[in-house]
Amino acid sequence: SESGVPQLVQPMIWDYAADLDVEGKVHLIEKYRRCGFSKVWFASAFKGATGVNQSVTLIGHHLKNHLQWLKVASNSPADVLEGIALTGWQRYDHFSVLCELLPVAIPSLAVCLQALKNGGYSEKIKEEVEKLLGISNLETETFMR
């Protein structure tokens, strides 16, 4: 904190796991606060973060990740979260081929955005996403097995 860095930058905490450690993230935010950082960002992914040659987006994985981030936010001080970056990686890493092209990931983006907007996910929100996308049956778990 003596360096002045906390007045110049805001840390971004990245985690794309469906089972991210909520308690660990809350403790990390507390550590940043003790170091003088008043705001932090979260970074999630709606696509491109589950496998090097993934072609179909695992909507359920990304939805679970966002629901975990919502838990982190609700267990953190109300004024600490500056925002969340929903990343959508086109390549799993810099040396890989393209994966999960945007058209196949749009349902995942819609689900994740609606979950964040509504503070959770329910059958009613699922129906709203289906209506917005013009599809009759949105499957979030189909490709998880």
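The secondary structure of the protein comprises four helices and three strands. Helices (H or I, at least four residues) and strands (E, at least two) are DSSP runs, numbered from the N terminus. From the N terminus on, the order of elements is β-α-β-α-β-α-α. The model is predicted: local features need pLDDT of at least 70, side-chain atom pairs count only at pLDDT 80 or more, and totals for chains, interfaces and linings use all residues. Residues are numbered from 1 along each chain as its sequence is written, and side-chain values use heavy atoms, with hydrogens and water left out.

The C-alpha trace spans about 55 × 40 × 25 Å along its principal axes. Of the 145 residues in the protein, 37% are buried. Buried means under 20% relative accessible area, exposed means over 50%, and partly exposed lies in between (1.4 Å probe, protein chains only). Contact means heavy atoms within 4.5 Å. Among contacts with a separation of 6 or more, 76% join residues 24 or more positions apart.

The three strands form an open sheet in the order E1-E2-E3, with parallel pairing. Two strands pair if DSSP finds at least two bridges between them. Strands E1 (12–14) and E3 (81–88) are the edges, and each pairs on one side only. The twist from one strand to the next averages 30°. E1 and E2 pair in the parallel sense over three bridges. Strand E2 (residues 40–47) is joined to E3 by seven bridges, and these two strands also run parallel. Phe42 takes part on both sides: Phe42 in E2 is the bridge partner of Ile13, and Phe42 stands opposite Ile84 in E3. Seven of the eight residues of E2 are buried, so this strand is largely enclosed by the rest of the structure.

Helix H1 (residues 22–34) lies across E1 and E2 and runs at about 160° to E1. Helix H2 (residues 59–74) lies across E1, E2 and E3 and runs at about 165° to E2. Axes here are lines fitted to C-alpha atoms, for helices over the stretch in contact, and angles run from 0 to 180 degrees between N-to-C directions.

Val72 is located in H2. Val72 is buried, with a relative accessible area of 0%. Residues up to four places away in sequence aside, Val72 touches Leu20, Val22, Lys25, Val26, Ile29 and Phe42. Val72 and His27 are 45 residues apart in sequence, yet their C-alpha atoms are 9.8 Å apart in space.

Helix packing was examined next. Two packed helices are described by the angle between their axes and the distance between the axes. H2 and H3 pack at an angle of about 20°, with their axes 9 Å apart. H2 and H3 are therefore roughly parallel to each other. Angles under 35 degrees count as roughly parallel, over 145 as roughly antiparallel, 65 to 115 as roughly perpendicular and the rest as oblique. H2 passes H3 in a right-handed crossing. A crossing is right-handed if the near helix is turned clockwise from the far one by less than a right angle, and left-handed if anticlockwise. H2 contributes Ile59, His62, Leu63, His66, Leu67 and Leu70 to the contact, and H3 contributes Pro107, Ser108, Val111, Cys112, Ala115 and Leu116. By class, this contact of H2 with H3 has nine nonpolar, three polar and no charged residues. Ala, Val, Leu, Ile, Met, Phe, Trp, Tyr, Cys and Pro count as nonpolar, Asp, Glu, Lys and Arg as charged, and the others, Gly among them, as polar.

The axes of helix H3 (residues 102–118) and helix H4 (residues 123–133) come within 10 Å and cross at roughly 135°. That angle makes H3 oblique to H4. The crossing of H3 and H4 is right-handed. On the H3 side the contact is made by Ile106, Pro107, Ala110, Val111, Gln114 and Asn118, and on the H4 side by Ile125, Val129, Leu132 and Leu133. The contact of H3 with H4 has eight nonpolar, two polar and no charged residues.

Glu100 is found in the loop between E3 and H3. Phi of Glu100 is near 40°, a positive value in a residue other than glycine. Glu100 is buried, with a relative accessible area of 2%. Pro103 lies in H3 and is exposed, with a relative accessible area of 64%. Pro103 and Ala45 are 58 residues apart in sequence and 15 Å apart in space, C-alpha to C-alpha.
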